[in-house]
Amino acid sequence: MNRTMKEKKIIVLTSGRGSNFRALIQAIELGKLNATIHALGTSTPGSGAVKIANDAGIPVLIRPSETELTQFVRENSVDAVVLAGYLKILSREFIDALRDARGVSRIVNIHPSLLPAFPGLNSYRQAFEHGVAITGATVHLVEPAVDSGPILDQSSFRIDEMKSTEEVESRGLEVEHSLYASTLNWFMGGEYTIEKRGARIHVARS
Ligand code: GRF
């Protein structure tokens, strides 16, 4: 990691147990992610993620509105809003309000499939029940249409010998945890180029 690079600031938004949130905290401790987590925003006050935040001394915003989040990002000069199992749909106004000077979304999400396959909910179950041989996880920028923004990186694994959705999910979460930290690190470090491909923007690691 380039130690001379300024440490980035993130806020994590989640609705659930928070295993990705915990993995990001650990990646920071291990020096794999050059960032500090300024707050956890949650739509679910009693969730596992809140306990993880409390244990780590990270401030928690309970059911923050988009106006509060925008204000928080601006006041704290937050570099990226990191979604990890956040079940609320974000408005176009919110996404646009946080874009950087080049118009690139500053909101990042992790999705449990190789997008554009299996968007929506329960993607590990969808992949298992569809019978695909390979699935994976995708880190992408958030745009107004759900699960459709530019892909930053993906990681795949075989599931053809797996016997249950739980087995797929368990392996998937391991893959997610390392993929998310490494992708956020290069993206927030500005190590990327942007090119237009047809109607889409392609963001590639440089
Ligand atoms: C993960 O599978 C993530 O890809 C999806 O929601 C799940 C969140 O899990 N968006 P956790 O709360 O991080 O354990």
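I count two strands as paired if DSSP finds at least two bridges between them. Strands (E, at least two residues) and helices (H or I, at least four) are DSSP runs, numbered from the N terminus.

This is a predicted model, where local features need pLDDT of at least 70, side-chain atom pairs count only at pLDDT 80 or more, and totals for chains, interfaces and linings use all residues. Residues are numbered from 1 along each chain as its sequence is written, and side-chain values use heavy atoms, with hydrogens and water left out.

Entry: strand β6. I looked up β5 (residues 107–111) and found an antiparallel pairing with β6 over 4 bridges. In that pair, Val-108 lies opposite Leu-141 of β6. I then found β6 paired with β7 (residues 151–158), also antiparallel, over 7 bridges. There, Thr-138 faces Gln-154 of β7. I checked burial next (buried is under 20% relative accessible area, exposed over 50%, partly exposed in between; 1.4 Å probe, protein chains only). Of the 8 residues of β6 (residues 134–141), 7 are buried, so the strand is largely enclosed by the rest of the structure.

Entry: the whole protein. I noted 6 helices and 9 strands. Buried residues account for 45% of the 206. The C-alpha trace spans about 50 × 45 × 35 Å along its principal axes. For contacts (heavy atoms within 4.5 Å), I took pairs at least 6 apart in sequence, and 66% of these join residues at least 24 apart.
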